[in-house]
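Please walk through this protein chain with its sequence and coordinates open beside the text.

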Amino acid sequence: MTQEKHDRMEDLSKCIPVPDDTQAFMCARCGAVSLDVDRLCQPLGKGCRRDWCGTASLKPPESCQNFPNNLRYICGKCRKVAVNPELLCDPQPYPEPEQKEGAS
């Protein structure tokens with residue numbers, strides 16, 4: 001994990017979720033949500049935090065296809081994925097993708 005990623009992950013306990021009516025963009029390809037449309041690989045549309053937070057989520061892909069180094073978070077309660085931790089009610093570090101055998 002890079003130092004920048006480590007620094008951003010340390011303060012998750014201080015993260016305050018945004019209000020339920022906060023609007024954010026959703027990605028059609030990787031399923032993540034973000035406050036910034038430019039941080040998604042294929043923006044699908046805009047919704048409110050209440051539209052996804054707390055509803056069960058299917059397992060997202062291992063990483064964003066267009067932005068593989070994009071830092072993402074996963075909700076410890078509903079397993080939703082977000083680029084901004086404040087969009088989740090219980091943000092946790094998103095697991096690093098596993099290295100494939102023979103990859104360096």
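**Layout, strands, cores and cysteines**

Of the 104 residues in the protein chain, 36% are buried, where buried means under 20% relative accessible area, exposed means over 50%, and partly exposed lies in between, with a 1.4 Å probe and protein chains only. This is a predicted model, in which local features need pLDDT of at least 70 and side-chain atom pairs count only at pLDDT 80 or more, while totals for chains, interfaces and linings use all residues. Residues are numbered from 1 along each chain as its sequence is written, and side-chain values use heavy atoms, with hydrogens and water left out.

The protein chain holds two helices and six strands, these being DSSP runs numbered from the N terminus (helices H or I of at least four residues, strands E of at least two). Read from the N terminus, the order of elements is α-β-β-β-α-β-β-β. Among the contacts with a separation of 6 or more, 52% join residues 24 or more positions apart, a contact being heavy atoms within 4.5 Å.

Strands pair if DSSP finds at least two bridges between them. Strand E1 (residues 23–27) pairs with strand E3 (residues 43–48) in the antiparallel sense over five bridges, and Phe25 has Lys46 as its bridge partner in E3. E1 is also joined, again antiparallel, to strand E2 (residues 33–34) by two bridges, with Met26 opposite Val33 in E2. The hairpin of E1 and E2 has five residues between the strands, and in this hairpin Gly31 takes a positive phi near 85°.

Val33 also belongs to the largest nonpolar core, which has 13 residues and in which Val33, Trp52, Tyr73, Ala82, Leu87 and Leu88 have the most contacts; such a core is a set of buried Ala, Val, Leu, Ile, Met, Phe, Trp, Tyr and Cys residues joined through side-chain atoms within 4.5 Å. Apart from this core lies another, of nine residues, including Cys27, Cys30, Ile74 and Val83.

Cys27 is buried, with a relative accessible area of 5%.
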